[in-house]
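This briefing is intended for a reader who has the sequence and the three-dimensional structure at hand. Its points are grouped by topic.

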Amino acid sequence: MDNGTAESTETFNLTLSNPVKATLGAPASATITIIDDDSTLVQFSSNALSVDEDAGNATVEVKLNSAASVQVKVDYAASNGTAKSASDYSASNGTFTFAPGETSKTFNVTIADDAIDELDETIQLTLSNASNATLGANANATLTIVDNETTRLQFSSSSYTVAEAASAGETITVELTTPSDRTVSVDYATGDDTAVAGDDYTAISGTLTFATGVTSQSFTVTPIDDEQVEASEEATLSLANPQNAALGTPAASQLTIVDDDVAGVSFALTAYSVGEVDGQATISVRLNAPALQTVMVDYATSDDTATAGDDYTATSGTLTFAPGETNKSFTVPILDDPLDESDEGILLTLSNPVNVELGKIISAMLTITDDDELQVQLDAASYVVNEDDELVISVTLNGPSGQTIAVDYATSDGSAQAGSDYTAQSDTLTFAPGETSKAITIPINDDALDEPVEDFTLALSNSQNGALRRPTAPPSPLWTTTWCASSLARPLTM
């Protein structure tokens with residue numbers, strides 16, 4: 001009878017007896033042998049098993065496909081797949097012995113629960129060295145450890161606060177709730193609420209990348225410090241597009257910019273400018289916020305490089321702002337003198353505020369731009385001198401200067417020759433402040449020769465603090481003048 005049970009070869013005896021009208025022959029008995037046709041298979045209950053990482057243990061079943069009448073043995077082992085022994089699970093191996101009639105055995109694989117967000121990992125299960133049985137189709141199986149951590153990306157706080165004057169800005173931290181064995185990234189951005197990008201803070205956006213094991217990254221939002229007295233203002237912070245993680249809570253936050261300004265009075269600018277010929281400069285003073293009561297502040301001028309009485313008229317007084325007014329001005333009279341001079345500065349100051357504080361700009365500079373162009377020139381384009389005289393040439397400034405003026409001069413031969421007809425000259429003329437004329441003397445050599453009219457040239461060059469000007473008439477190139485002389489004292493027509 002085919003019983004489906006794997007067993008040894010079995011026998012039974014067949015015997016003839018009690019013949020009727022016959023005698024028993026030989027043989028009258030026989031042995032019948034039953035050869036078992038059932039094969040015992042040993043294998044895992046499934047080739048794909050799974051266990052949660054926080055389950056503690058995975059129970060693995062090894063089965064025989066049918067009860068055996070003899071003892072069955074098989075070795076089992078758990079080894080690394082993508083999971084690593086010790087860090088992810090405890091290695092397990094041994095030998096199962098199935099007594100006759102037993103069909104199932106189990107062993108446990110201890111699972112390590114870590115705090116790292118990671119991909120599901122696998123353990124390889126194997127059976128080998130079967131005795132009195134054959135390895136079945138599921139002699140190899142995969143045990144998958146299903147990770148129980150979910151990495152979430154979120155702000156470290158639902159709100160942040162920064163002072164308006166904090167030039168370093170506010171550091172905004174984004175955290176992973178658990179470390180990950182994968183690279184994680186997330187986009188971040190600021191947005192307007194009551195604060196306005198460009199006026200109250202500098203907009204920023206980008207992507208934060210967390211390398212394996214890193215759990216914190218940050219970005220900085222910088223406030224813009226103005227002088228306006230205003231309420232605290234808010235900008236929004238948001239996270240989006242997480243990679244290899246999910247958004248946690250909070251994925252949106254708020255940055256409060258705390259105003260640091262109090263009502264103050266100050267100059268509108270740190271520097272003002274006025275032309276010397278403009279007559280006066282208008283200086284604006286402002287409140288950074290309207291006041292509910294009358295506000296007063298004193299103003300005054302004082303010398304810097306400009307001198308009161310020579311360059312400007314000293315001015316002082318008090319500005320009064322009625323409730324609600326935010327702008328006032330005063331004027332500084334400018335004196336136009338004929339001196340060529342450097343641009344000069346007047347110091348402006350505010351003091352003695354009433355019902356208000358002094359603001360950020362309580363001193364400023366008013367620069368007077370000089371309009372006088374100084375020119376240095378020869379007093380004529382050509383000269384005629386007798387051979388027995390000396391030549392004196394005037395070099396003039398078109399007006400007095402408040403600074404030292406210098407100019408180089410030099411003679412050069414024409415038909416006249418230095419040494420034989422005249423004494424060569426070259427030097428630098430220096431005009432002290434206020435001087436307008438200098439003289440150059442050129443000795444003329446008187447010889448006994450009767451000769452034609454001869455000439456040489458005198459040229460100015462390298463003017464410092466003054467522009468070179470050509471003699472008025474007749475024109476001659478390169479700011480030069482020509483001297484002519486003859487023993488006959490005949491004038492030369494130029």
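With which residue does Glu325 form a salt bridge? The partner of Glu325 is Lys328, and the closest N and O atoms of the pair are 3.4 Å apart. A salt bridge here is a side-chain nitrogen of Lys or Arg within 4 Å of a carboxyl oxygen of Asp or Glu.

The model is predicted: local features need pLDDT of at least 70, side-chain atom pairs count only at pLDDT 80 or more, and totals for chains, interfaces and linings use all residues. Residues are numbered from 1 along each chain as its sequence is written, and side-chain values use heavy atoms, with hydrogens and water left out.

**Overall architecture**

- The protein chain has 38 strands and zero helices; helices (H or I, at least four residues) and strands (E, at least two) are DSSP runs, numbered from the N terminus.
- Of the 494 residues in the protein chain, 36% count as buried, where buried means under 20% relative accessible area, exposed means over 50%, and partly exposed lies in between (1.4 Å probe, protein chains only).
- The accessible surface of the protein chain comes to about 24500 Å², and 48% of this surface belongs to carbon and sulfur atoms. Accessible areas come from the Shrake-Rupley method with a 1.4 Å probe, and for residues only the protein chains shown count as cover.
- Among contacts in the protein chain with a separation of 6 or more, 70% are between residues 24 or more positions apart; contact means heavy atoms within 4.5 Å.

**Salt bridges and charge**

- The structure holds four salt bridges, including the pair of Glu325 and Lys328.
- Glu325 counts as partly exposed because its relative accessible area is 29%, and Lys328 is likewise partly exposed, at 26%.
- Another salt bridge joins the side chains of Lys105 and Glu102 at 3.4 Å, N to O. Glu102 is partly exposed because its relative accessibility is 29%.
- Lys438 and Glu435 also meet through their side chains in a salt bridge (3.4 Å, N to O). Lys438 is partly exposed, with a relative accessible area of 25%, and Glu435 is partly exposed at 31%.
- Asp388, Asp389, Glu390 and Asp446 form a negative surface patch. Patches are made of residues with over 30% relative accessible area and no salt bridge, with like charges joined within 9 Å and nonpolar side chains (Val, Leu, Ile, Met, Phe, Trp, Tyr) within 5 Å.
- For charges, Lys and Arg count as positive and Asp and Glu as negative, while His and the chain ends are not counted. The place of a charge is taken as NZ of Lys, CZ of Arg, CG of Asp or CD of Glu.

**Buried positions and their contacts**

- Ile283 lies in strand S23 (residues 280–287) and counts as buried because its relative accessibility is 0%.
- Not counting residues up to four places away in sequence, Ile283 touches Phe267, Tyr272, Lys328, Ser329, Phe330, Val332, Leu348 and Leu366.
- Ile283 and Lys328 are 45 residues apart along the chain, and their C-alpha atoms are separated by 8.5 Å.
- Ser92, in strand S7 (residues 92–98), is buried because its relative accessible area is 13%. Leaving aside neighbours within four places in sequence, Ser92 is in contact with Tyr76, Ala77, Ala78, Phe107 and Asn108.
- Gly136 is found in the loop between S10 and strand S11 (140–146), and Gly136 is buried, with a relative accessible area of 13%.
- Apart from neighbours within four places in sequence, Gly136 is in contact with Leu41, Val42 and Gln43.

**Backbone features in loops**

- The peptide bond from Thr249 to Pro250 is cis, with omega near 5 degrees. Pro250 is placed in the loop between strand S19 (246–247) and strand S20 (252–258).
- Ala86 has a phi near 85 degrees, a positive value in a residue other than glycine. Ala86 occupies the loop between strand S6 (72–80) and S7, and counts as exposed because its relative accessibility is 68%.
- Asn132 also has a positive phi, near 60 degrees, in a residue other than glycine. The loop that holds Asn132 runs between strand S9 (121–131) and strand S10 (134–135).
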